[in-house]
Amino acid sequence: MKGKLFTILTNLTLLLVITSVSVIGYFSGNAKAVIYENTNLYYGGSEESGAVGLTVNVYESTENVLKILDILDENEAKATFFIGGSWADDNVDCVREIYNRGHELGSHGYFHKDHSKMTYEANLEEIRPSVKLLEMICGKKIELFAPPSGAFSENTLSACASLEMKVIMWSRDTIDWRDNDENLVYSRATDELKAGEFILMHPKDVTVKTLPKILNYIRENGFKAETVSRILGE
């Protein structure tokens with residue numbers, strides 16, 4: 001009974017946070033956009049880091065997320081998980097598990113919208129609730145945003161700058177969401193791989209199957225799998 005009551009109270013608290021942040025965003029229509037100066041957009045980091053960044057965009061497949069965490073643990077590797085708010089709301093325990101295992105969390109928006117077609121205010125209203133939710137779950141400031149489908153505009157960059165967030169893209173896309181082919185996913189992640197690169201993945205079955213081989217390649221070529229922030233020197 002106590003467990004059920006705790007779950008109900010937790011969900012109500014999360015709902016209150018999401019609602020209050022959305023209301024604040026709605027009434028910020030007159031907010032002034034930050035001038036974009038090309039300072040918060042990243043496709044990779046420095047080769048001097050000696051590491052590559054595995055990034056996992058999550059809006060689905062809790063079971064596969066947990067499998068990926070186990071594989072990362074087995075290989076002493078770290079990754080950055082960009083979490084969709086609507087998924088996080090239903091998977092609080094899994095989000096905490098990602099964080100507690102030493103990985104980095106970033107925002108992937110709340111409802112997987114096309115940020116390239118959104119106003120500055122609309123970008124804020126979509127990003128800010130997801131950030132607040134993740135911060136409430138893990139108690140740590142969220143400083144990274146990965147736009148769904150890689151779609152962004154100057155409004156997106158300005159909105160993230162006002163939230164003191166970096167916009168993270170990728171240098172390699174495994175396209176695991178489309179191609180259920182282990183060889184393709186592996187080659188896209190590893191061919192002529194250089195330190196400082198960001199490799200984009202999703203919690204798909206083919207990714208779970210291919211990830212051990214990718215991590216083995218990274219290790220054998222003298223790299224480490226690290227979080228985005230560490231590769232960026234933070």
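Strand S7, helix H7 and strand S8 form a β-α-β unit, and this unit is right-handed. The model is a predicted one. Let us start with its strands.

S7 covers residues 172-173 and runs parallel to S8, with 2 bridges joining the two strands. Find Arg172, and you will see Ile199 of S8 standing opposite. S8 has another partner, strand S2, which spans residues 51-58. S2 and S8 also pair in the parallel sense, here over 4 bridges. In this pairing, Gly53 stands opposite Phe198 of S8.

Now look at the side chains of S8, residues 198-201. Where do Phe198 and Leu200 point, and where do Ile199 and Met201 point? Phe198 and Leu200 go one way from the strand. Ile199 and Met201 go the other way. All four are buried.

Next come the helices. H2 and H8 pack together with their axes 10 Å apart. The angle between them is about 10°. An angle under 35 degrees counts as roughly parallel, and therefore H2 and H8 are roughly parallel to each other. Which residues make the contact? From H2 come Asn64, Lys67, Ile68, Ile71 and Leu72. From H8 come Asp205, Val208, Leu211, Pro212 and Leu215.

Follow the chain past H2 and you reach Asn75. This residue sits in the loop between H2 and strand S3 (80-83). What does Asn75 touch, leaving aside residues up to four places away in sequence? The answer is Leu215 and Arg219. Asn75 and Arg219 are 144 residues apart along the chain, yet their C-alpha atoms are separated by 8.9 Å.

Now turn to charge. Side chains of opposite charge can pair when their charged atoms come close. This model has 14 salt bridges. Three of them are worth a visit.

Begin in H2, residues 62-74. The side chains of Lys67 and Glu63 meet in a salt bridge, at 3.6 Å from N to O. Why are these two separated by about one helical turn? They are 4 residues apart in the helix, so about one turn lies between them. Lys67 is partly exposed, at 37%. Lys67 also belongs to the contact between H2 and H8.

The next pair links two helices. Lys213 and Glu182 form a salt bridge through their side chains, with 3.4 Å from N to O. Lys213 lies in H8 (residues 205-220) and Glu182 in H7 (residues 182-190), so the pair ties together parts that are 31 residues apart in sequence. Both partners are partly exposed: Lys213 has a relative accessible area of 36%, and Glu182 has 31%.

The last pair is Glu226 and Arg230. Their closest N and O atoms are 3.0 Å apart, and they form a salt bridge. Glu226 is buried, because its relative accessible area is 13% and buried means under 20%. Arg230 is partly exposed, at 46%. Elsewhere, salt bridges share partners. Which residues do they join into one network? They are Asp70, Asp73, Glu97 and Arg101.

Notes:
Residues are numbered from 1 along each chain as its sequence is written. This is a predicted model: local features need pLDDT of at least 70, side-chain atom pairs count only at pLDDT 80 or more; totals for chains, interfaces and linings use all residues. Side-chain values use heavy atoms; hydrogens and water are left out. A salt bridge is a side-chain nitrogen of Lys or Arg within 4 Å of a carboxyl oxygen of Asp or Glu. Buried means under 20% relative accessible area, exposed over 50%, partly exposed in between (1.4 Å probe, protein chains only). Two strands pair if DSSP finds at least two bridges between them. A crossover is right-handed if, with the strands pointing away from the viewer, the path from the first strand over the helix to the second runs clockwise. Axes are lines fitted to C-alpha atoms, for helices over the stretch in contact, and angles run from 0 to 180 degrees between N-to-C directions. Angles under 35 degrees count as roughly parallel, over 145 as roughly antiparallel, 65 to 115 as roughly perpendicular and the rest as oblique. Contact means heavy atoms within 4.5 Å.
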